[in-house]
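Thanks, everyone. Have a look at the model on the screen, and then I'll walk through strands, a pocket and some charged pairs.

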Amino acid sequence: MNMDRTAKIYIRENEDGEPIFVTEGVIDKIGNSLNLTYPIQNGTYAIGVSDGVVSIRKKGDEDYALILCEGKEYPFDITTPFGTLSMSVLPEFVFVSDSDKEVEIKLIYDLIAAGGKTDTFRLFIKCIYSE
């Protein structure tokens, strides 16, 4: 059964920290999979979750898509107005929780630049369904 629901979305860089971004979006559930879409300045994010795999696609002034599966490195390119940057992502932790009232996505991942520089990022997304 296909079900679209609007939700208030809170994005944090620390699990217990203040949100760095709050917006509204749409969650589309099909079976055990869900897709979260929300606007950002100059574009949109689409986050898909299915069988423990999280995909993130950004469309706008910079376009990219990445796949996050715990422990598996994934190479990807970022297309910018100035050219293409090759990178890879290595998820350390991927967690998804889905209930009738909310969806939570918790990600901790290393982003590896073309020159080998590695930065660790944390992304905690909580989506509370609108009534």
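Which residue in strand 9 does valine 89 stand opposite? Valine 89 stands opposite leucine 111.

First, the ground rules. This is a predicted model, where local features need pLDDT of at least 70, side-chain atom pairs count only at pLDDT 80 or more, and totals for chains, interfaces and linings use all residues. Residues are numbered from 1 along each chain as its sequence is written, and side-chain values use heavy atoms, with hydrogens and water left out.

Now the strands. Strands here are DSSP runs of E, at least two residues, numbered from the N terminus. Two strands pair if DSSP finds at least two bridges between them. Strand 8 covers residues 83–98 and pairs with strand 7 in the antiparallel sense, over seven bridges. Aspartate 77 has serine 86 in strand 8 as its bridge partner. Two residues sit between strand 7 and strand 8 in that hairpin. Strand 8 also pairs with strand 9, again antiparallel, over eleven bridges. That hairpin has three residues between its strands.

Next, the pocket. A pocket is an open set of points on a 1 Å grid over the protein atoms alone, where a 1.4 Å probe fits, with protein on both sides within 12 Å along at least five of seven lines; lining residues have an atom within 4 Å of a point. The largest pocket holds about 480 Å³ of space. Its lining has 20 residues, with Tyr45, Tyr64, Tyr109, Phe121 and Leu123 nearest the centre. Strand 10 gives the most to that lining: four residues. By class, the lining has 16 nonpolar, one polar and three charged residues.

Last, the charged pairs. A salt bridge is a side-chain nitrogen of Lys or Arg within 4 Å of a carboxyl oxygen of Asp or Glu. The count is six. Take glutamate 102 and lysine 126, with closest N and O atoms 3.9 Å apart. Glutamate 102 lies in strand 9 and lysine 126 in strand 10, so this pair ties together parts 24 residues apart in sequence.

For exposure, buried means under 20% relative accessible area, exposed over 50%, and partly exposed in between, with a 1.4 Å probe and protein chains only. Lysine 58 pairs with aspartate 61 at 3.1 Å between the closest N and O atoms. Lysine 58 is buried at 7%, while aspartate 61 is partly exposed at 40%. Aspartate 119 and lysine 117 come to 3.0 Å. Here lysine 117 is exposed, at 54%.

Key:
Points joined across faces, edges and corners; volume = space filled by probe spheres on them. Nonpolar A, V, L, I, M, F, W, Y, C, P; charged D, E, K, R; others polar.
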